[in-house]
Amino acid sequence: MSSNPSDDTRSAMAGGLTPEVADRLAGTEARVVVLGDSVLDLWLWGRSDRLCREAPVPVVDIDRSTPVPGGAANTAANLAALGATVDLVSLTGADDRGATLRTTLAAAGVGTDHLLACEGRSTVAKCRVVSGDQILVRFDDGDRTPATVEEIAALVRPLPDLLAGADAVVVCDYDGAVADRVRAELAALRHTLPLLVVDTHHPARWRELRPDVVTPNAGEAAEALGLTPPDGADRVEVFTEHRDRLFAMTGAGAAVVTLDRDGAVLLDGARPAHRTWAEPVAESQSAGAGDTFVAALTLALVDGLPLTAAAEVAQAAADVVVHRTGTAVCSTAQLRDRLGRTGTAVLGRAELARAVEAHRGAGRCIVFTNGCFDVLHAGHVSYLNEAKRLGDVLVVAVNSDASVRKLKGPERPVNTAPDRAAVLAALSCVDHVVVFEEDTPAELIRALRPDLYVKGGDYRPDMLPETPVVHSYGGEVRVLGYLADRSTTALIERIRANAGTP
């Protein structure tokens with residue numbers, strides 16, 4: 001990913017996600033090759049009001065069926081929905097289901113010239129029976145036997161020409177007939193490959209290709225590390241602790257470990273781990289959110305976004321599909337809408353007080369922090385992610401423009417309070433943002449009574465004017481670590497120096 005911005009630019013861009021990002025991705029005119037194990041997802045929708053006589057199981061009267069691309073085909077469909085030109089290299093059976101898969105892919109705008117229909121092979125299908133709001137059963141069938149020598153030869157023959165004009169390659173290895181079987185052939189072409197993203201059940205298999213990014217889920221990452229899959233919030237700490245081993249086992253330059261309802265954790269070299277936060281739904285009939293995540297992540301990286309911002313874009317896209325039914329894709333319009341929903345996070349004081357009270361009534365731990373956040377950088381993002389991990393809801397209070405001028409001087413802030421609040425609200429770790437006019441947020445804290453008040457830097461709790469207020473109602477004050485040599489002032493000075501301005 002040598003085309004990514006410099007470290008300074010990466011830091012400045014992290015978290016600056018506006019709705020226009022979705023349009024930028026669509027405008028990249030990216031060409032992506034998806035190579036892997038394709039599936040036909042078949043959803044059977046119906047109703048059930050009686051039990052079977054032969055066994056105590058429901059009888060479902062099917063009203064309709066919906067065939068959609070699954071597996072690598074779903075990743076390809078998501079890329080196309082976000083504006084990419086996509087070629088899918090995969091195989092199906094020369095059967096009705098294979099023909100249906102080809103039709104659904106063409107309708108999604110995915111190139112199928114290299115979707116090989118094989119005589120004697122049956123297309124893999126995942127069939128879900130749904131009654132009302134409940135998936136009752138999923139049954140899988142189809143031919144998962146390894147591809148033959150002849151089939152592999154036919155698949156890899158067009159790769160050199162396809163890869164020559166591609167901006168990215170996504171490998172989808174789901175224990176099927178394709179992806180793992182072409183690993184050696186792809187390794188021989190590695191020096192010609194652009195951005196390589198590997199989404200696989202077994203990331204250690206692809207170590208010799210040295211992927212730019214691997215995207216295992218928590219179970220797959222734990223298997224690669226030889227660990228018992230960790231549970232809950234411990235997963236972030238476990239994978240962060242073992243990041244070097246994960247890089248060694250996968251050969252990857254970076255890893256994004258997806259955590260289902262808990263979002264994802266990005267591990268990028270020695271940089272601080274970056275956590276994204278999902279918008280889970282209580283009950284979901286969706287499938288394929290991981291495919292959506294990988295597609296959006298890939299396109300964001302092709303566009304030149306830093307990994308932290310790309311992971312946030314990917315999380316936003318995944319949030320879209322988990323709120324839908326069936327195997328869904330995220331379109332440019334839907335991603336734009338999701339990234340534009342900062343209005344629900346930026347609140348006035350009265351609205352925020354009501355929101356916090358509702359969170360408290362639901363038993364959630366409220367974390368509160370404040371600052372200028374003038375030019376958001378890697379230090380801010382790392383600190384806010386650490387603050388979020390201490391509780392359930394993170395509230396960020398932002399100094400008003402007048403307050404920033406009083407603290408920082410007449411040339412600050414660089415960005416207005418509405419812009420600073422909107423950028424913060426786009427981070428998945430931030431739940432609510434409020435702007436305050438006073439010198440300190442003490443009165444705001446007194447009104448909200450957060451469980452935890454956190455600050456970053458080299459303070460001691462007794463040095464903070466807010467500490468007595470927090471302690472007065474039984475709250476706790478914590479001072480978190482911060483990244484050395486990261487500050488807005490230093491970043492502005494570097495920008496001025498590079499621009500040659502006084």
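How many of the five residues of strand β18 are buried? Select residues 432-436 to see that four of the five are buried, where buried means under 20% relative accessible area, exposed over 50% and partly exposed in between (1.4 Å probe, protein chains only). Strands (E, at least two residues) and helices (H or I, at least four) are DSSP runs numbered from the N terminus. This is a predicted model, in which local features need pLDDT of at least 70 and side-chain atom pairs count only at pLDDT 80 or more, while totals for chains, interfaces and linings use all residues. Residues are numbered from 1 along each chain as its sequence is written, and side-chain values use heavy atoms, with hydrogens and water left out.

W43 and W45 are stacked, at 5.5 Å centre to centre and 15 degrees between the planes. The rings of F368 and Y453 lie 6.0 Å apart by their centres with planes at 40 degrees, so this pair is tilted; F368 belongs to strand β16 and Y453 to strand β19, 85 residues apart.

Finally, select W277: the charged end of R275 sits over its ring, 3.6 Å from the centre (NZ of Lys or CZ of Arg within 6 Å of the ring centre and within 35 degrees of the ring normal), and K388 lies over the face of W277 at 4.9 Å from the ring centre.

Methods. Phe/Tyr/Trp six-rings, centres within 6.5 Å; stacked < 30°, edge-to-face > 60°.
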